Amino acid sequence: MLGGMQDFELRVPRLIDYAEREHGDREIVSYWADGTTTRTNWSGIARDARKLAQALEKLGMKRGDRIATLAMNHSRHLVAWYGVIGMGGVIHTINPRLFDEQLVYIANHAEDRVLLYDKAFQPIVDRLKPEWTSIEHFVCFDSDGPDSFEALIAAEDGDYQWAEGPEREPCMLCYTSGTTGHPKGVLYEHRSSVIHAMAEVAPNVFDLCNQSVVLPIVPMFHAAAWGLPFAGAVAGVKFVYSAVNDGAVLCRLFNQEKVTHSAGVPTVWLAMFQHMDATGETPEHLKLVTIGGSAAPRAMIERLMGMGIRVGHAWGMTETSPIGTMGAPTWNWEEMDFEARVNQVAKQGRVPFGVELRVVNEDGAEMPRDGESSGRLQIRGPWIIKRYFQDEKGDCVEAGNWFDTGDVAVMHPCGTMQITDRSKDVIKSGGEWISSVELENAAVGCPGVAEAAAIGIYHPKWDERPLLLIVRKPGAEVSAAEISAYLSDKVAKWWLPDEILFVDSLPHTATGKLLKTALRTQFKDHKLPSASAAA
Ligand code: ADP
């Protein structure tokens with residue numbers, strides 16, 4: 001048969017070429033740690049990325065070499081993504097909130113050769129330099145000296161052709177924060193990143209177009225900033241970056257720059273609400289807020305939707321690039337009342353084209369999509385992991401390429417997925433499962449409660465029973481009895497916590513999630529009052 005289509009490798013530099021050519025004057029705004037604001041645009045990002053690629057080659061960097069960043073969100077960090085990838089390198093975004101031991105481990109494991117970092121993280125660099133055995137060059141993003149990022153690229157003319165090659169080459173490396181054991185590296189490829197970006201701009205996902213003004217609060221070091229730096233180029237959005245995650249700064253930027261889209265983990269929205277409550281200031285132009293990384297509490301969704309903002313509830317993981325599912329208005333949205341809409345968004349949403357989900361039982365048999373049968377959530381598709389970086393254990397997928405997420409979920413008949421827990425966090429009471437996530441989400445709806453964590457505690461009769469730890473809102477005096485009464489019509493009676501304790505704060509991972517392992521260790525020998533009654 002005669003005829004056919006062209007070769008066109010799906011490589012990341014095509015994204016920046018497109019943004020430069022078709023959306024070149026669309027702005028990229030950065031608010032820096034020193035309180036200054038700078039403005040560039042997609043043309044400026046592309047030009048500087050070419051210069052960086054030239055400079056890195058002069059430093060002796062070769063195709064496939066890992067070049068790391070330790071930085072917040074700003075235009076130079078975006079330049080680094082496209083410049084490193086453009087020269088055929090692999091950008092490795094390190095999370096500065098990790099413990100020293102993890103920071104040393106991952107940079108050495110990745111064999112990073114260059115580190116581009118923010119001045120704010122100079123103490124980390126000074127402290128760990130002797131232990132980072134592979135890093136040859138240190139470049140500061142926001143200093144003025146001769147070793148600064150600007151000096152490095154100023155020496156170049158930008159006359160550079162992106163490295164060509166196969167689309168299955170690697171382009172980016174992200175480590176999971178590893179609540180147990182060493183962090184594990186997830187190696188993204190050009191092809192997976194481009195397809196993921198194309199899927200993300202869709203109306204049912206991030207709903208991006210050239211009119212969008214996007215302020216990603218999610219840091220570029222957290223699961224590739226959920227793919228936004230790539231998806232933003234596909235849509236030609238205006239980006240507003242803030243190197244400072246503070247409610248007042250963010251709210252001012254939202255309004256000054258007329259931000260329409262934002263994305264972040266639940267804790268950043270809690271901080272935003274506190275700012276709104278304290279000052280009466282509100283984001284005026286926001287249309288879509290994406291919440292992911294942990295379950296978005298119902299009360300949070302309700303408040304944002306009550307302000308007329310669409311909430312996208314995203315589920316994913318570093319291993320899934322990270323978009324797995326996204327909650328979006330359903331076809332019958334018009335027929336649903338506010339309550340029903342909030343209930344829908346409180347679930348984790350549906351898959352975009354490209355990924356497939358299934359829930360299996362302990363024997364690996366697929367469970368029906370009946371909204372009731374819960375089991376292990378598995379996922380597959382072109383932007384889902386097959387093997388961790390340099391992992392001798394081999395592939396991390398089961399037959400048929402299914403990757404086990406470690407989450408427990410149910411699938412609803414309409415295709416909506418609902419996370420009920422992480423498999424290691426479920427509270428196993430009398431052979432049945434209590435969802436720690438649902439308990440926590442119900443508890444944060446109670447007036448006076450700022451944050452909640454539920455963990456299973458040993459019980460002689462039931463195996464485990466829930467202990468609920470509560471952080472009160474500043475000035476609040478809510479009691480254990482009041483919280484218990486509040487929960488009584490929100491969860492099944494046998495789910496009600498056996499004990500409620502108040503704490504000043506709860507431990508979090510480097511990506512802002514509750515660190516349940518630390519809590520389980522802390523309360524290892526805790527005795528529930530109900531346990532002595534049963535004994
Ligand atoms: P880590 O922070 O451990 O590096 P990830 O950032 O990759 O890991 O987190 C992935 C996990 O976060 C998921 O497996 C899931 O347990 C949890 N998660 C992410 N989004 C949601 C959500 N919308 N609702 C509930 N849990 C979520």
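Q: How far is a polar side-chain atom of Gln-348 from a nitrogen atom of the ligand?
A: The distance is 2.9 Å. A polar contact here is a pair of N or O atoms within 3.5 Å; within protein, one must be able to donate a hydrogen and the other to accept it, and residues adjacent in sequence count only if both atoms are side-chain atoms.

Q: What kind of model is it, and how are residues numbered?
A: It is a predicted model, in which local features need pLDDT of at least 70 and side-chain atom pairs count only at pLDDT 80 or more, while totals for chains, interfaces and linings use all residues. Residues are numbered from 1 along each chain as its sequence is written, and side-chain values use heavy atoms, with hydrogens and water left out.

Q: Back to the ligand. What do Asp-407 and Arg-422 do there?
A: Asp-407 has a polar side-chain atom 2.6 Å from an oxygen atom of the ligand. For Arg-422, a side-chain N or O atom is 3.2 Å from a ligand oxygen atom.

Q: How much of the ligand's accessible area does the protein cover?
A: On its own the ligand has 580 Å² of accessible area, and the protein covers 94% of that. Areas come from the Shrake-Rupley method with a 1.4 Å probe; for residues, only the protein chains shown count as cover.

Q: Which elements give two or more residues to the shell?
A: Strand 13 (310-316) and strand 18 (417-422). Strand 13 gives the most, with four residues. Helices (H or I, at least four residues) and strands (E, at least two) are DSSP runs, numbered from the N terminus.

Q: How many residues surround the ligand, and which are closest?
A: There are 18, and the closest are Ser-177, Ala-314, Thr-318, Asp-407 and Lys-513. A residue is near a molecule or strand if one of its heavy atoms lies within 4 Å of it.

Q: Which domains does the chain have, and which give the shell at least three residues each?
A: The chain is divided into domain 1 (13-346), domain 2 (356-422) and domain 3 (426-534), with bounds from an automatic or database domain assignment. Domain 1 and domain 2 each give the shell at least three residues.

Q: How far apart are the centres of domain 1 and domain 3?
A: Taken over C-alpha atoms, 33 Å.

Q: Where is Ser-435, and what is it in contact with?
A: Ser-435 sits in the loop between strand 20 (432-434) and helix 13. Ser-435 counts as buried because its relative accessibility is 5%. Leaving aside neighbours within four places in sequence, Ser-435 is in contact with Thr-420, Asp-421 and Trp-495.

Q: And His-222, buried or exposed?
A: Buried, at 8% relative accessibility. His-222 is in the loop between strand 9 (213-216) and helix 8 (228-235).

Methods:
Buried means under 20% relative accessible area, exposed over 50%, partly exposed in between (1.4 Å probe, protein chains only). Contact means heavy atoms within 4.5 Å.
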